[in-house]
Amino acid sequence: MENEHVYLQVRDELRMNVNQQPHMATPYGQPQPGYQGYPQPGYGGDHVPSGYPAQYAPYNGPGSAYQQGPPQGYSPYASFPSKTLATNLVSDLSSSSPLDLGTRGPPTSGAPPVSGAQNYSQFGQGENQNGPPPMGAPPQRPPVSQPYTPGAVNLPGPQHPYGQRFGAPPVSMQHMTNQMASMQVGSTAPSPAGPGYAPPSVSQAAVSAPYTPAAPPTFPPASTASSQPLPTEALAQAPPHSYYGALPPVQQPFQNAVPTFSSAGPTQPQAPPPVSPQSFPQAPPISQPPFSTAQVHPGPTQSYRGPLPSTQSSFPRPPHPTSQPSAFPAGPPPTSIPSQLPGVMQPQPPVSQPSPYHSGPPTTSTGFPPQVGAPPRPSFPGMQGPPMASQGPPMASQGPPMASQGPPMAQANHILPTQPGMPPGPINASLSGPPPQPGMQGYPPQQNGAFGQVRGPQPGYTGPYPGQPNYGAPPAAPASAPAAPKRLDPDSIPSPIQVIEDDKANKGSEPFTTGVRGQAPPLVTTKFQVKDQGNASPRYIRCTAYNMPCNSDMAKQSQVPLAAVIKPLAPLPPDETPPYLVDHGESGPIRCNRCKAYMCPYMQFIEGGRRFQCGFCNCVTEVPPNYFQHLDHTGKRVDCYDRPELSMGSYDFMTTVDYCKNNKFPQPPAFIFLIDVSYNAVKNGTVGIVCQELKTLLDYLPRENPDVESNIRVGFVTYNKVLHFYNVKASLAQPQMMVVSDVADMFVPLLDGFLVSVSESRVVIESLLDQIPEMFADTRETETVFGPVIQAGLEALKAADCAGKLFVFHSSLPIAEAPGKLKNREDKKLVGTDKEKTLFQPQVSFYNTLAKECVAQGCCVDLFLFPNQYVDVATLGVVPTSTGGSIYKYTYFQAPSDQERFLNDLRRDVQKQVGFDAVMRVRTSTGIRATDFFGAFYMSNTTDVELAGLDCDKTVTVEFRHDDKLSEETGALMQCAVLYTSCSGQRRLRIHNMAVNCCSQLADLYRNCETDTIINFFAKYAYRSVLSSPTKNVRDSLVNQCAQILACYRKNCASPSSAGQLILPECMKLLPVYLNCVLKSDVLQPGADVSLDDRAYLRQLVSTMDVAESHVFFYPHLLPLQKLDVESMALPMAVRDSEERLSRGGVYLLENGLNIFLWVGVSAQQELLQNIFGTPAFSQIDPNMTSLPALDNPFSKRLREIIESVRAQRSRYMKLMVVKQEDKLELIFKHFLVEDKSNSGGASYVDFLCHMHKEIRQLLS
């Protein structure tokens, strides 16, 4: 795209997001290049007598495979009217969310241009489309009681090669129904997503063709092999490089993308369809073998699918090509049906209005959908066709009218299952839908089928692939324009927003009490209060699974990672009590004699309280006399609730001298500030800014008691090619500088006067900080050293015999002659090759050795980088990431715009709670053990995690494996013990205990997992793997593991159903969307503009993230500010990260933990702009502003409060960027719309879900 180079300009921190590249095409739009070539059979043409255009035969079956939810807002699980829910939802574990991924055509959301008669066939081979609901009367629903079962999606039997233009016409109605029956749409309750997603373009199919579907067959059309294009939503810009192939030809800017992930069928691109509208005759092939459709069990175990008459089972169903995920057996209890309840609906754009995000005039290259009133896009033959009615029993009259009315919630967005025993006979044709009403923009009525509604064709979308039979349609007369294939409706697939909102509604109001073993906590996105009753708060420990498999075979079979993300010093909200400090006096903490576990609620007192049995190793230990207490009638000590270690999940112990290094109590720690004063650092202003800030910041050093002065001593060093140490002893009138030029053998030239108390030496320190910028103002020294700088700080701490932290402010690659000298090795040509891993590895071993020495001394290093070019973060970051430190990076630092972010980061970094010289060990009960660790630390053996510094933002992720069997009665226990020196110099132990359940049934495992924690683990595992494997292998292994997890669930926990359905466990239904965000992150799949330093920085950053940070990092938070209610403290409901969710008239706030963007639509209301920016004109908004003007109106105040509160929740200060729609910076903003395709080749959510379904089917077959 023309603005690709823009990335470079702003990429600095913006690109830090691991999410995917700016997405250039509408989310589901353009054909991927590789796709565009399938010739599309035109099934269109003359209308058959029944009123259907020929191609859409009288079929109104359930929604097609993929789309499951009703379009409105998201909830794929929410669109059945609630009273019917009970019968039709699939329950998860009982409630799995079956998605029918059958095969699908590209989505179509706009109406086709008027040129030529349009056929109503939007999907080939049985694809269904998701279109707007019919415009007619309110829908009638089939009786609730009918269980309805759609047919399978995949085509067994011979598939036509793509080249074949048409299939034979069905020979009989029975044949046709058989064909149709083969398509199955599984789905949990449909979502209330708005009726068709993208509004039709003005040039809609001619209204004159009243669409009255013929009544007869009511079976869902058979869906085609997945290789069909997925439906794509609003037309979008053509991606610069499509997911799979070459760019689409310009003249068809909107070709549909074929689902990149197909479940069957070739994926090679075929030649583009011929342009002549008549090119495809319409006879639908018949070759599909009949399927019996009614095979779903009624009841909560239904999967997402459209209704099918249940009596259809008369057709035997041939085996599916691949075994398909099944809907749930009626057996397992539903895990979370709530997700299927109608959820909050996101209002959908009315049909009449242009596609939500772009509605500018059609542009060929960018692909904005035509605006309302805009001239129709030239139609590309083979690409369009009015929407099809096929989805769901013919109930065209049933969907809510699409136009401006927003999705009515109560309307049937989905068809209910038919009643058992009802004949499959033709459903009353009158239901099939009135002709489009005038003013309705020409959308032929469509009904909302099971999981997705029929989508209107989009201009420029190609029709079904040749060779794909159009099931259920009577043979059609040749048509003038081929029909557009249908796409998977994004509203019918699991929505992160809906899941987040449901969790807030279900778990946000009650406190979470930790006393129940194996209870999964609320999601990280839910605000909740924790009451510690014996297990650690989820703020300290989150597990991937709260039901551990009883044995290793079950763990291997499921492939669900067993891990815990532990944040030992996590800060707590003001309404929660910090851990109590327990002091057992000179005898120290009570421990098990054998395994050394610390006293905790899992110890069982026996023999009247004289001994206790360890919950971890079962060893019996004597209770020391001074700790003895009698037991009550239940066997508990009578002082149980008076002692935190017997009743709480988290607490601190005071330790004795035996827990201290060299058996002596530690000195208070020291902070040493090492400032680069080379030419670059002086020129960009960092030297002056740091010195000025330190004058006030030194009053805020960490302390235990806010009323007492901090015990931390401070020291100062400046450096370029040589080092300058400063004597700031209180007795001096002026600071003294000592220069060490022998950097090859670093030593500290003074002992007394280097580390001082701030209060005693304040005058001298302030004098020094005033003089430094002046001393080096005219420097011409451009070279710097780096290794000796850390050695200098380390030597100073050794000399003072204390632990501490080094704050290094550095600007360039250390090329001066000295230990640790580096060379520029940035080589973009290695990206994507087997040698790419070397770019993430340190180029010299010097820093690994230095890091080991730092850890031994308790010297933690925090690095602030201000690079203007490559500085080799992979190597410079070794010491910070091995010592428990942090890296902050401000590329192309400019004081006016970046100073605020840097100073806020520096203040927080200096003031936050930190433990020094820490050692962490995780003990577990017999049967499992900790085998792997991820984070910023050093390990000299296999069990002890050593951290020179451990701050309140750092996490350590621990993976567990079985070494024996676990029992369901006792569950599995873990105890994390961290020994550290507090900022006041006390040696303490922080203890966190956690008990989880054990299960012998896979269904129980899948019912109690936490997807956000699994994704945190997968990201850390993958980001570490790039050090030793090519990124492609890393991505493939992630996809494979995810497919194995879901295939195991499908095979062992879901009830049998057609292979065309994708069935997801309720608590893992977001695994595909989140995993896709990790796969297309900058570390694993970088765009051309992402620097190697940014990738190394992000890799190190993610390694220590907690679950809340990784969640928003991979799936950013997007708020529609035009819906903000200034009277309420509540935030507007977030929207999904996709371009088609953006409205030109809106203003949106997006944050991912590193950046905040304020996106302003070109048509935003003047009043809104006036309230936010103080100007009513879009053209007058300054895109360079980094803070909003403080205006005196309620909206401005509330918005600034929201931005501040969001910043307060994150560990790093987020710089605000204002992005105007269609401005060059928009490319960067789109990079974070993670449900869309990324321009580095990352798949859209819809495409990835299809791909995942294909992988699962391959595993099952």
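Buried, in this presentation, means under 20% relative accessible area, with exposed over 50% and partly exposed in between, for a 1.4 Å probe and protein chains only. At 18% relative accessibility, T881 therefore counts as buried.

Before I continue, a word on the basis of these values. This is a predicted model, in which local features need pLDDT of at least 70 and side-chain atom pairs count only at pLDDT 80 or more, while totals for chains, interfaces and linings use all residues. Residues are numbered from 1 along each chain as its sequence is written, and side-chain values use heavy atoms, with hydrogens and water left out.

To return to T881: this residue is found in helix α15, residues 878-882. Helices (H or I, at least four residues) and strands (E, at least two) are DSSP runs, numbered from the N terminus. Leaving aside neighbours within four places in sequence, T881 is in contact with I887, G935, A936, F937 and Q1100, where contact means heavy atoms within 4.5 Å. The C-alpha atoms of T881 and V861 are separated by 8.3 Å, and the two residues are 20 apart along the chain.

I turn now to a sheet. Four strands form an open, antiparallel sheet in the order β6-β8-β25-β23; two strands pair if DSSP finds at least two bridges between them. Since β6 (541-543) and β23 (928-934) stand at the edges, each with a single partner strand, one side of each is left without a neighbour in the sheet. Neighbouring strands are turned by 25° against each other on average, direction ignored. Helix α18, residues 1011-1025, packs on this sheet and touches β6, β8, β23 and β25, its direction making about 60° with that of β23. Axes here are lines fitted to C-alpha atoms, for helices over the stretch in contact, and angles run from 0 to 180 degrees between N-to-C directions. Between β6 and β8 (residues 563-566) there are 3 bridges, and R542 stands opposite V565 in β8.

Finally, the aromatic residues. The structure holds 34 aromatic pairs; rings of Phe, Tyr and Trp (its six-membered ring) pair if their centres lie within 6.5 Å, and planes under 30 degrees apart count as stacked, over 60 as edge-to-face and the rest as tilted.
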